[in-house]
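Please keep the sequence and the structure in view while I go through them.

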Amino acid sequence: MRTAIIGHRGTGKTSLLDRIQVYYAKLGRPVVCIDLDQEVEAKSGLTISQLFAEGEAEFRKVEKEVFTEIDKNTANVSHEVFLACGGGFDPEAITSSWRVFWLRRPSDSSGRIFLDRPRLNPGLSPIDEFLARAGTRSQHFAARADETLWIDEGLEQPD
């Protein structure tokens, strides 16, 4: 089974991968956990910020290419695969062979900002930037999600 995890920036998709890794290890079960942003950096040799400096369209092109490669390379894996997608990744690009979890937090509606991540709309304040994209992204997430997982604020570390 392959599961893609989608959601807004900062919902904890990467932290969830860390927890999944710990839980599966405790059970002695094999699992593959992949962070799409980390794979994009590894494959391109550039940081996310460097890729965004070339424009969001260029970043999204590379991101989709890396997803397509992951999709192909994990198609016949015998154990579970979890993939955390970036907040702006187009969920429609996720093929039907993936189960999709929409990871949400209560703060999704009010927004959250990150000063250590690439700016997508530098002309807007960080919170306005988030809010400008949140509605459309939420619609896309809802349309593709097989399940919605709500996670409490502040819950990040594996137990």
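In which loop is His 8 found? His 8 sits in the loop between strand 1 and helix 1, the latter spanning 13-27. Before I continue, please note that this is a predicted model.

Is His 8 buried or exposed? Its relative accessible area is 2%, so His 8 is buried, since the cut-off for buried is under 20%. If we set aside the neighbours within four places in sequence, the residues in contact with His 8 are Lys 13, Gly 87, Asp 108, Arg 112, Phe 130, Ala 134, Arg 137, Ser 138 and Phe 141.

In soluble globular proteins, nonpolar side chains tend to be buried together. Here, the largest nonpolar core has 24 residues, and those that touch the most other members are Leu 36, Val 40, Leu 83, Cys 85, Ile 94 and Trp 98. At least two residues of this core come from each of strand 1 (2-6), helix 2 (36-44), helix 3 (48-53), helix 4 (56-73), strand 3 (80-84) and strand 4 (99-104). Helix 4 provides the largest share, five residues.

Consider Leu 83 in particular. Not counting residues up to four places away in sequence, Leu 83 touches Thr 3, Ala 4, Ile 5, Leu 17, Ile 34, Leu 36, Phe 67, Ile 70 and Trp 98. Another core, of ten residues, lies apart from the largest one, and its members include Tyr 24, Val 31, Phe 82 and Ile 151.

Next, the helices. Two packed helices are described by the angle between their axes and the distance between the axes. For helix 2 and helix 4, the axes come within 9 Å and cross at roughly 100°. Helix 2 is therefore roughly perpendicular to helix 4. On the side of helix 2, the residues that meet helix 4 are Leu 36, Asp 37, Glu 39, Val 40, Lys 43 and Ser 44. Their partners in helix 4 are Phe 59, Val 62, Glu 63, Val 66, Phe 67, Glu 69 and Ile 70. By type, the residues of this contact are seven nonpolar, one polar and five charged.

Asp 37 belongs to helix 2 and is partly exposed, with a relative accessible area of 26%. Beyond its neighbours within four places in sequence, Asp 37 is in contact with Ile 48, Phe 59, Glu 63 and Gly 86. Between Asp 37 and Phe 89 there are 9.8 Å in space, C-alpha to C-alpha, although the two are 52 residues apart in sequence.

Finally, the aromatic rings. How many aromatic pairs does a search of the whole structure find? The search finds five. In one of them, the ring centres of Tyr 24 and Phe 82 are 5.9 Å apart and the planes are at 70°, so this pair is edge-to-face. Because Tyr 24 lies in helix 1 and Phe 82 in strand 3, the pair ties together parts that are 58 residues apart in sequence. Tyr 24 is buried at a relative accessible area of 11%, and Phe 82 is buried at 5%.

A second example is the pair of Trp 102 and Phe 141, which is tilted, with 5.8 Å centre to centre and 55° between the planes. Trp 102 lies in strand 4 and Phe 141 in helix 5 (residues 126-144), so parts 39 residues apart in sequence are tied together. Both Trp 102 and Phe 141 are buried. Lastly, Phe 67, Phe 89 and Trp 98 form one aromatic cluster. Thank you for your attention.

Conventions. Residues are numbered from 1 along each chain as its sequence is written. This is a predicted model: local features need pLDDT of at least 70, side-chain atom pairs count only at pLDDT 80 or more; totals for chains, interfaces and linings use all residues. Side-chain values use heavy atoms; hydrogens and water are left out. A nonpolar core is a set of buried Ala, Val, Leu, Ile, Met, Phe, Trp, Tyr and Cys residues joined through side-chain atoms within 4.5 Å. Buried means under 20% relative accessible area, exposed over 50%, partly exposed in between (1.4 Å probe, protein chains only). Helices (H or I, at least four residues) and strands (E, at least two) are DSSP runs, numbered from the N terminus. Contact means heavy atoms within 4.5 Å. Axes are lines fitted to C-alpha atoms, for helices over the stretch in contact, and angles run from 0 to 180 degrees between N-to-C directions. Angles under 35 degrees count as roughly parallel, over 145 as roughly antiparallel, 65 to 115 as roughly perpendicular and the rest as oblique. Ala, Val, Leu, Ile, Met, Phe, Trp, Tyr, Cys and Pro count as nonpolar, Asp, Glu, Lys and Arg as charged, and the others, Gly among them, as polar. Rings of Phe, Tyr and Trp (its six-membered ring) pair if their centres lie within 6.5 Å; planes under 30 degrees apart count as stacked, over 60 as edge-to-face and the rest as tilted.
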